[in-house]
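This briefing concerns a single protein chain. Please consult the sequence and the structure shown below alongside the points that follow.

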Amino acid sequence: MAVVGSGRWPLLPLLVFAAVALVCVLSPPPSPLSSSSVLQSSVAAEADTTNKGGSNNNQQPQQPSSRAASNATAKERSPLVKLKAPIVVIGAELRIGTLLIIGLSEKGERVVAVSREQTTPDSMIIKMAYGVHYIHGDLNKPSTFQRYIKGAKAVIFACQARSVFNHDREVVKFTGGDTPKTVEYRGISTVAKLAVKANVPKIMMISMYMVTQTKAPEYIWLNKFKRSMYWKRQAELELIRQCKNSNTSYTIVRAGGATGEKGFGLEKIVVRQGDYVRGSLPSEDLASIAVAALLTNSTQNTVFEAITGEEDALASLEKLSPNDGSARECPEEDAALAVQREG
C-alpha cells in the first residue's frame, strides 16, 4: 500500500476518496420549495381540516394528551445515528500504529488515532478513506487525549521510544529526549490508569519477545541501550498491576523480530506463551494478529508471543490461558522454535 509502503492496500484510499468526490459533483441539489407552493400546501391543509370538521361549527378540536405530546417530542429529539464506541490507538505515528488503524477500520471498527506528530500525508489519506479521527496527543500531558478514552471500547498502546541505528547498525540512539523508561514504562502507566478509571473493557500493549530471558543474546544486546528490554518488561508488569482487581482486562502481544517484508497472513503465525520462542514477524502480520486478538474474548488477561511459522494463529488464540508473561521452560515438541537465529 502506498500509505505504509507494503503494497497490501495499493489504491483503495484514493479510489474511495475519488468516488465520494464524483458522487458529490454529479448529484443534483435538492429543489427548494417556493413561497407559492408553501402557501398552496397550507391552504389545502386548512381546507381539508374544515371539511373533516363537518357542519358543526361549535365542535371544539380535541387536544392531544400531555403523554402523547411528550412522546412525540421525544421522538423528534432522538438522534438519527448512534456512534459505535471507538477503539483508541496510541502511537498512531508509527508504522505499526498505521497498520493497526487500517486493520481495525477494515473490520468496521470506529478508530480514534492518538499521534505525537502533527498531520502527515499518511494520516490525511487514512482519515479521508476510513473516517478515522486523528488527534495530537502527548503522553506527558494526559489532558490532550484522556477525554477520548472515556467511553472507548478498547485502547491499544503501541508507543515506542524514538530511536535510530548508527551507520553500521551496531548502536541504537534514542532521539527527541525519548527513553524506554519515559515513553514505554511511564506511558503505559499513565494510559492504564486512565483506562481503568474509565472502565474501558480492554487494554492491549505491543511488546517484544525475549523480555524475560535476561541471559539470552537478544536481551543482552538490546538492553545495552538505556535498559530497553528491562523497561519493556516493567511496562508489561505495570499494565498487569493496574488491571488487577478492576473491570479492565489486558492483552500483551510480544512480537518476534520486526521485518519490513510483506505479511504471510494469520495462517502463518505461531502463537505461544512462556517467552521461549525465537523468530521474526513482519509488521503487517503483527497488526493482523493484534487486531484478531483484540476482538477475541479468549485473549483476556493474556500475554503471548507471535512469530512467523506454519500454524493457524486464530486457532491458537482460542487456546490461550490467563498468565502474567513469566518465562516457562520450552516443551520438547517446541524445541525447534526456541533455536537462536543466525545473526
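Ring pairs link Tyr-185, Tyr-230 and Trp-231 into a cluster; rings of Phe, Tyr and Trp (its six-membered ring) pair if their centres lie within 6.5 Å, with planes under 30 degrees apart counted as stacked, over 60 as edge-to-face and the rest as tilted. The model is predicted, with local features needing pLDDT of at least 70 and side-chain atom pairs counting only at pLDDT 80 or more, while totals for chains, interfaces and linings use all residues. Residues are numbered from 1 along each chain as its sequence is written, and side-chain values use heavy atoms, leaving out hydrogens and water.

**Overall composition**

- The protein comprises 11 helices and 12 strands; helices (H or I, at least four residues) and strands (E, at least two) are DSSP runs, numbered from the N terminus.
- Of its 343 residues, 44% count as buried, where buried means under 20% relative accessible area, exposed over 50% and partly exposed in between (1.4 Å probe, protein chains only).
- Among contacts (heavy atoms within 4.5 Å) with a separation of 6 or more, 70% are between residues 24 or more positions apart.

**Aromatic pairs**

- The structure holds three aromatic pairs.
- Tyr-185 and Trp-231 form a tilted pair, at 5.2 Å centre to centre and 45° between the planes.
- Because Tyr-185 lies in helix H7 (residues 180–197) and Trp-231 in helix H9 (residues 228–243), this pair ties together parts that are 46 residues apart in sequence.
- Tyr-185 is partly exposed at a relative accessible area of 24%, whereas Trp-231 is buried at 14%.
- The pair of Trp-221 and Phe-225 is edge-to-face, because the ring centres are 5.1 Å apart and the planes stand at 80°.
- Trp-221 is partly exposed, with a relative accessible area of 31%, and Phe-225 is buried, with 11%.
- Arg-227 lies over the face of Tyr-230, at 4.1 Å from the ring centre; a charge sits over a ring if NZ of Lys or CZ of Arg is within 6 Å of the ring centre and within 35 degrees of the ring normal.

**Parallel strands and crossovers**

- Strand E1 (residues 87–90) points Ile-87 and Val-89 one way and Val-88 and Ile-90 the other, and all of these residues are buried.
- E1 and E2 run parallel and are joined by four bridges, with Val-89 opposite Ala-113 in E2; strands pair if DSSP finds at least two bridges between them.
- E1 also pairs in the parallel sense with strand E4 (residues 154–157) over four bridges, where Ile-156 is the bridge partner of Val-89.
- E1, helix H4 (residues 95–106) and E2 make a right-handed β-α-β unit: with the strands pointing away from the viewer, the path from the first strand over the helix to the second runs clockwise.
- Strand E2 (residues 111–115) pairs with strand E3 (residues 133–136) in the parallel sense over four bridges, and Ser-115 stands opposite His-136 in E3.
- From E2 the chain crosses through helix H5 (residues 121–130) to E3, and this β-α-β crossover is right-handed.

**Surroundings of Ser-163**

- Ser-163 belongs to strand E5 (residues 163–165) and is partly exposed, with a relative accessible area of 38%.
- Its C-alpha atom is separated by 4.0 Å from that of Phe-174, 11 residues apart along the chain.
- Leaving aside neighbours within four places in sequence, Ser-163 is in contact with Val-172, Lys-173, Phe-174 and Thr-175.

**Cysteines**

- The count comes to zero disulfides, a disulfide being a pair of cysteine sulfur atoms within 2.5 Å.
- Cys-159 is buried at 6% relative accessibility, whereas Cys-330 is partly exposed at 24%.
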